[in-house]
Amino acid sequence: MKWYILQRIAWSAVAALLILTVGFILLDVVPDQNLQEAQFQAAHVEAAEERRGLDEPLVDRYVSFLVNFFQGDWGWSYEYDQTVWTTIVETLPYSIMYGAPSIILSTFLGILIGLYSAIHQYTKTDYVATFAAFFGISIPNWWFAIILLVIFGTFLGWIDVGFNARLAENANGNLTWLASADDSHQAFVGQEFEGQRQVGILSPANLKQLILPIFVSMTGGIATMMRYARAEALEYVDAEFVKTARAKGVSSWRIVARHIFRPAAVPLATILVGRFLGIFLAGSYLIEVVFGIPGLGLASYEAIIEQDQDLVLVTLLIPTFLVLVSNLAQDVAYVILDPRISYGDRA
Amino acid sequence: MTDRSDPETATDGGLADGKFEEINWQDVDSAEYTRSLKSKLWAAVLGIWALGLGANLFVRYVMADDLFHEIAGVSIPGVAALDPTWIDTIPGLAVADGWIQFPVLGVVALHDWLWSITLAGIAYYAVVPLYEKPRMRRYYWRQFRKNKAAVISGIFLLVIFLVGVVGSRVTDQPTEQAGLDSIPPVGISIDSFVVGPSGQEVADCSGGTCTGTWEHPLGTTTSGEDILISVIHGMEISMMVGLTATALSTVIAATLALLAVYHGGWVDEIIFRWVDIQLTFPAFFLYLLIVYSIGGSLFILIMIFGFIEWGGGARLMRSEALQRREEPYVTASKAAGASPLWTMRRHLLPNISNTIITYVSLSIPSIILAEAALAFLGLGDATVTSWGQTISDGRAELSRAWWISTIPGIFLFLTVLAFNFVGDALRDAIDPRHAGAE
């Protein structure tokens with residue numbers, strides 16, 4: 001088992017090196033069309049070329065790229081006019097703000113619905129749940145976000161179509177859990193009111209604007225989780241030990257909790273471990289763009305539009321590495337939690 | 001010398017006096033095995049296609065515009081002497097912007113080359129066999145028919161496909177028309193200040209509100225493009241990208257999986273170590289990175305999807321083929337001296353077709369979604385009108401012209417949903433082991 005885990009870590013390291021190399025090749029060796037097209041930003045081009053040291057030999061550039069990357073020296077973002085590292089640190093909390101609740105909620109709801117639907121297989125509820133899962137997997141969640149914005153923002157007017165990032169900050173512009181502020185606070189530009197209002201991450205106004213992003217990024221997650229849980233639980237619904245327990249007169253609640261969920265929980269738990277790290281996945285990227293949440297995804301998108309090279313590379317590499325690590329964590333957790341698994345065979 | 005041959009079975013050919021191992025069976029095979037007209041035709045189509053695409057690429061990227069020189073900085077000796085204008089001297093052909101202009105077809109875009117061979121391949125490997133074997137056709141239809149949702153989905157997809165392919169040929173690409181912007185769909189009223197000035201003349205405007213007109217049944221975008229036409233053009237793009245990239249990745253996956261399974265050992269090790277590494281990457285970010293750095297023409301998009309997407313499929317096919325490899329018929333075929341290619345094509349490939357179809361049905365919708373997402377981010381091909389692009393067009397105007405983003409999305413959603421339903425039903429119909437409502 002130790003051997004397997006070591007091997008798995010080694011392969012992840014190889015993969016990480018590979019993706020770094022791919023990133024280096026794509027952005028450095030291939031003639032840079034984007035930079036050439038952006039000739040009017042001549043100063044940027046020169047600075048970029050000088051900093052990247054295009055006169056140095058290829059190997060030196062590659063080595064210094066790797067060294068810089070591992071040292072956290074990720075370059076300069078022209079769009080934000082600060083280092084890439086600072087940009088990442090500033091945007092990350094916004095991604096976590098809706099990402100973390102969405103992952104926790106979707107995992108538990110998904111498992112619950114999946115279990116319920118497995119126990120009541122071929123009933124109407126099961127069909128409804130299965131159909132809903134189909135719906136959740138098929139709907140592009142960024143388009144779903146648009147639909148919800150149209151319904152709740154345009155037609156019902158319950159929420160603002162734009163995202164007010166300042167609502168999570170205190171009067172000094174720092175993120176805070178909960179504080180009160182008067183109408184000089186930047187979140188309330190253009191509004192005048194008497195007294196104090198609450199701001200901060202946990203303030204009602206901020207939570208209200210997070211509801212839709214959380215809900216939308218949950219749809220795909222719940223559906224996937226539900227299908228896993230249902231398939232996993234179905235393996236045990238007709239197992240001998242469940243029949244025995246039923247024959248002995250064990251209450252149905254206890255059967256579900258102790259005889260079906262327990263063995264099914266192992267693979268589900270590993271998925272949970274994997275998903276916790278994979279907060280910033282493809283769907284969330286687009287969700288941030290649609291809602292205008294200033295998280296990692298939106299930063300990356302704007303960097304792509306503005307051709308902010310260093311920021312593009314880092315904002316694309318970070319999620320890649322997170323997925324890499326979460327896959328690793330998932331596999332390792334699986335081996336540790338389930339002694340039955342044979343880890344020699346790849347098939 | 002005794003006559004070893006059996007007079008009962010001996011023919012008057014040359015075979016009668018040989019031992020089994022003395023006969024050159026390859027000669028016998030090649031003498032008796034003639035290709036059918038159908039497969040000759042298919043080979044001819046493939047040949048013409050490869051010749052056309054090859055010539056097109058050569059003229060464009062070697063003769064007109066030395067791509068190799070651009071990337072590597074070194075010229076291949078002699079290339080500079082080549083001049084694309086000699087194509088003009090061939091009757092019927094001409095050069096336009098470095099691309100060959102064919103008679104009747106005109107310039108064939110690179111993605112259209114891929115699209116055409118994919119359609120031909122689907123016809124040859126799926127439609128023709130079903131047409132020729134009515135019993136098989138009836139059996140599959142009976143199985144498939146059990147699932148009502150899948151039948152409806154199948155019809156829907158067929159309609160999308162036909163309307164998209166035919167509609168994109170008979171209508172021009174939607175163009176920006178200043179002033180005609182933001183006309184609502186038929187039956188929808190909107191404040192008249194939203195609609196552009198010449199749009200107000202076209203649409204039914206009175207008393208401060210404008211109602212949609214049948215001239216633009218689904219309304220127009222913020223730049224005055226007709227949404228119905230955009231949607232029709234988007235149908236072909238989605239189908240093209242989904243089917244073509246899936247075809248490419250399926251060919252790669254099946255070839256590598258079969259090679260790995262047949263040869264085993266280090267071939268297997270190398271191929272599937274690579275798959276292990278490739279599968280740890282989140283594909284979407286790789287797409288973003290590549291499209292950002294080398295550009296996202298439709299051809300490049302299809303290539304990227306095709307070359308990145310195949311890992312999961314290869315893994316599925318490998319585990320299926322591993323079981324098939326142990327079957328007696330594979331051993332028998334090897335014992336009879338069949339070549340590796342023959343064993344793989346005639347014995348392994350047909351028997352893993354269940355897995356292949358499962359993979360195809362999962363892959364098409366995911367690629368369609370990926371293309372739409374990239375187009376929505378503005379990283380797709382700007383020269384074609386796709387659903388994702390139209391959706392992003394209306395994103396800034398959600399509170400005023402909400403229909404621009406929602407209408408193309410409905411088609412995208414329904415198409416993906418339909419592919420998922422059909423895929424589910426196909427899996428049930430073809431593979432009797434998975435009966436039930438999973």
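My burial cut-offs first: buried means under 20% relative accessible area, exposed over 50%, and partly exposed in between (1.4 Å probe, protein chains only). Areas come from the Shrake-Rupley method with a 1.4 Å probe, and for residues only the protein chains shown count as cover.

Bookkeeping: this is a predicted model, where local features need pLDDT of at least 70, side-chain atom pairs count only at pLDDT 80 or more, and totals for chains, interfaces and linings use all residues. Residues are numbered from 1 along each chain as its sequence is written, chains are lettered from A and ligands numbered from 1 in the order in which they are written, and side-chain values use heavy atoms, with hydrogens and water left out.

Entry 1, chain B overall. I find 16 helices and six strands (DSSP runs numbered from the N terminus: helices are H or I with at least four residues, strands E with at least two). Chain B has 438 residues, 45% of them buried. It exposes about 22300 Å², with carbon and sulfur atoms supplying 63% of that. Taking contacts (heavy atoms within 4.5 Å) with a separation of 6 or more, I get 68% from residues 24 or more positions apart.

I count a side-chain nitrogen of Lys or Arg within 4 Å of a carboxyl oxygen of Asp or Glu. Over all chains there are ten.

B:Asp268 pairs with B:Arg318 at 3.0 Å, N to O. This one links distant parts of the chain, helix 9 (residues 265-280) to helix 11 (residues 298-325), with the partners 50 residues apart. Buried or exposed, B:Asp268 and B:Arg318? I looked, and both are buried.

B:Arg325 and B:Glu326 bridge at 3.2 Å between closest N and O atoms. B:Glu326 counts as exposed because its relative accessible area is 54%, while B:Arg325, at 25%, is partly exposed.

I join like charges within 9 Å, using residues with over 30% relative accessible area and no salt bridge. B:Arg135, B:Arg137, B:Arg138, B:Arg142, B:Arg145 and B:Lys146 form a positive one. I checked B:Arg142: it sits in helix 5 (residues 134-145) and is partly exposed, at 45% relative accessibility.

How values were computed. Patch = residues over 30% accessible without salt bridge, like charges linked within 9 Å, V, L, I, M, F, W, Y side chains within 5 Å. Lys, Arg positive; Asp, Glu negative; His and termini not counted. Charge placed at Lys NZ, Arg CZ, Asp CG, Glu CD.
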